[in-house]
Amino acid sequence: MKNRVDFTAAIENEMEWRLPSLSVNEGVARAGVALFCAQLNPTALELADIKCAVSEAVTNCIVHAYRDTVGEIRITVKLCEGRLVCIEIRDRGCGIADVKQAREPLFTTDSEGERSGMGFTVMESFCDELRVSSREGRGTTVTLLKRLHK
Amino acid sequence: MIKNGGLVTYEKKNETLLIHVSGEIDHHSAAMVRKSIDDRILAERPERVLLELSSVDFMDSSGLGLIMGRFALVKQYCGTFAVLDPSPAVVRIMKLAGMERMISVLRTKNKIEG
């Protein structure tokens, strides 16, 4: 059982980024977030965790939230006191009808493609905490929290 | 990320098709890699397909779909399929999904004989 992360830690540095939901931006997003986090000197494994979790969240925006349309993905990265990284990935897409169900391993609504249904499981496993808030027709915000080594 | 088919290469030895994939596998690149591999497999229907992933620097859950999909394709015509020498990035995701229980994973530095 993971400990809950302190959400009130003071912010030491912050970046915000807006990207169109083009699949080519999956790599751009994870590389950009990793670059910003690199100032905390994370281990290679921590950086790999962050890249993977961001890639999953951004892919969800492209594949599910906006589907056949192109919308805006807003990425906010906050580096907080105590080496806490807080990454928020927000879309204004279709939203998730049942977040609890969507977070279950192997659940996918993409029956025609080759989605594994493991996106949220990867995010959850590679971060200390995952928060998902969504409203149908309004969009989804995924918050990834990761505490880096001392 | 893999932007073209240049990072998928093939070696054919007797009835074994060895497919080398390198670079980053995400949803964006997986579509192109999938098309290239499927075209080759369906054209040749090799008895044995080995997906060599030692040079994959990054893989997210899109790679799981890519592996499972090729496994299913080869199984359809009763061929055999295995992942060969997965990189640490690949192993982490495969383990998370419990995929090593379903798909053969071979680890060798020796040349593969058909």
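1. Confidence in chain B. This is a predicted model. Chain B has a mean pLDDT of 90. Of its residues, 89% reach 70 or more. Among the elements of chain B, strand β4 (residues 80–84) has the highest mean pLDDT, 98. The lowest, 94, belongs to strand β1 (residues 8–13) of chain B. Residues 1–6 of chain B are another matter: their pLDDT is below 50. Beyond near neighbours in sequence, that stretch still has 16 contacts in the model.

2. Scores for the whole model. The ipTM is 0.89. The pTM is 0.90.

3. The A–B interface. On the chain B side, 18 residues are in contact with 20 residues of chain A. Three elements of chain B each give two or more residues to this side: α1 (27–44), α2 (61–76) and α3 (88–96). The largest share comes from α2(B), with seven residues. By residue class, the chain B side divides into nine nonpolar, six polar and three charged.

4. Layout of chain A. Chain A holds four helices and five strands. Read from the N terminus, the order is β-α-α-β-β-α-α-β-β. The radius of gyration of chain A is 15 Å, and the globule rule gives 15 Å for 150 residues, so chain A is as compact as a globular protein of that length. Along the principal axes, its C-alpha atoms fill a box of roughly 45 × 35 × 25 Å.

5. Packing and contacts in chain A. Of the 150 residues in chain A, 40% are buried. Take the contacts in chain A between residues at least 6 apart in sequence: 70% of them join residues at least 24 apart.

6. Helix α2 of chain A, length. This helix covers residues 44–65, 22 residues in total. At 1.5 Å a residue, α2(A) should span 32 Å. Its end C-alpha atoms lie 30 Å apart, which agrees with that expectation.

7. In α2(A), 18 of the 22 residues are buried, so the helix is largely enclosed by the rest of the structure.

Notes:
Residues are numbered from 1 along each chain as its sequence is written. Chains are lettered from A and ligands numbered from 1 in the order in which they are written. This is a predicted model: local features need pLDDT of at least 70, side-chain atom pairs count only at pLDDT 80 or more; totals for chains, interfaces and linings use all residues. The expected span of a helix is 1.5 Å times one less than its number of residues. A residue is buried if 20 or more other C-beta atoms lie within 10 Å of its own, exposed if 12 or fewer, and partly exposed in between; C-beta atoms are placed from the backbone. Two residues are in contact if their C-beta atoms, placed from the backbone, lie within 7 Å. Ala, Val, Leu, Ile, Met, Phe, Trp, Tyr, Cys and Pro count as nonpolar, Asp, Glu, Lys and Arg as charged, and the others, Gly among them, as polar. pLDDT is the predictor's confidence in each residue, from 0 to 100. The radius of gyration is taken over C-alpha atoms; the globule rule is 2.2 Å times the number of residues to the power 0.38.
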